[in-house]
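Please look over the sequence and the structure shown below before reading on.

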Amino acid sequence: MSRAEAVTALAVRLLPSCGSVERAWAAAVALLGWYLRSEGSAAQSVWSPGGDTEEWRRVVTQVLSGEPVASVRCPVLTDEQTAWILEHYPMTVAATE
C-alpha cells in the first residue's frame, strides 16, 4: 500500500471521531509520520502518541498491510498542529507520495 493510500485509509477510519475531513487527514498524516519516523518525516515532529503507542502502532500496521480496521478515535491534535500539517501536507494524493 502506498503512503497516499495509507493516509486516505486512516483518514476514513478516523473521520467519525475527528469531526472534519481536515482534522482526520491531519491525524492520519501525523500517525503515518510518527510510524515512519525512521524516514525523518516532518509530521512526526508536531505530534506524539503518548500512552497509546502500541494501539497506534497496531492500527497503522493493519492499514499498511491492507487489513480492515474498525473506526478508531481521533488523535489529540491542537488547532496549531492541525494547521501545520495541512500546510505542509495538503489534502492531495501527490502530497503524501
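## A residue in a loop

Where is S48 found? S48 is found in the loop between α2 and α3, where helices (H or I, at least four residues) and strands (E, at least two) are DSSP runs numbered from the N terminus. At 55% relative accessibility, S48 counts as exposed; in this report buried means under 20% relative accessible area, exposed means over 50%, and partly exposed lies in between, with a 1.4 Å probe and protein chains only. S48 and P75 are 27 residues apart in sequence, while their C-alpha atoms are 9.3 Å apart in space.

This is a predicted model, in which local features need pLDDT of at least 70 and side-chain atom pairs count only at pLDDT 80 or more, whereas totals for chains, interfaces and linings use all residues. Residues are numbered from 1 along each chain as its sequence is written, and side-chain values use heavy atoms, with hydrogens and water left out.

## The nonpolar core

The largest nonpolar core has 28 residues, and those with the most contacts inside it are L10, L14, L31, W47, W56, L77 and I85. Such a core is a set of buried Ala, Val, Leu, Ile, Met, Phe, Trp, Tyr and Cys residues joined through side-chain atoms within 4.5 Å. The elements that give two or more residues to this core are α1 (3-18), α2 (21-35) and α3 (53-64), and α2 gives the most, with 10 residues. If residues up to four places away in sequence are not counted, L10 touches A28, L31, V59, V60 and V63, contact here meaning heavy atoms within 4.5 Å.

Why can α2 be called largely enclosed by the rest of the structure? The reason is that 11 of the 15 residues of α2 are buried, among them W25, L31 and W34. From its first C-alpha to its last, α2 reaches 21 Å, close to the 21 Å expected at 1.5 Å a residue, where the expected span is 1.5 Å times one less than the number of residues.

## A buried glutamine

Q62 is found in helix α3 and is buried, with a relative accessible area of 18%. Leaving aside its neighbours within four places in sequence, Q62 is in contact with E67 and V69.

## Salt bridges

Side chains of opposite charge can pair when their charged atoms come close. A salt bridge is a side-chain nitrogen of Lys or Arg within 4 Å of a carboxyl oxygen of Asp or Glu, and by this rule the count comes to three. In one of them, the side chains of D79 and R23 meet at 2.5 Å, N to O, and this pair links distant parts of the chain, with D79 in helix α4 and R23 in helix α2, 56 residues apart. D79 is exposed, with a relative accessible area of 54%.

E55 forms a salt bridge with R73, the closest N and O atoms being 3.9 Å apart. E55 lies in helix α3 and R73 in the loop between α3 and α4, so the pair ties together parts that are 18 residues apart in sequence. The side chains of E54 and R57 also meet in a salt bridge, at 3.8 Å, N to O, and both residues lie in helix α3, three residues apart, which is about one turn of the helix. E54 is exposed, with a relative accessible area of 58%, whereas R57 is partly exposed at 27%.
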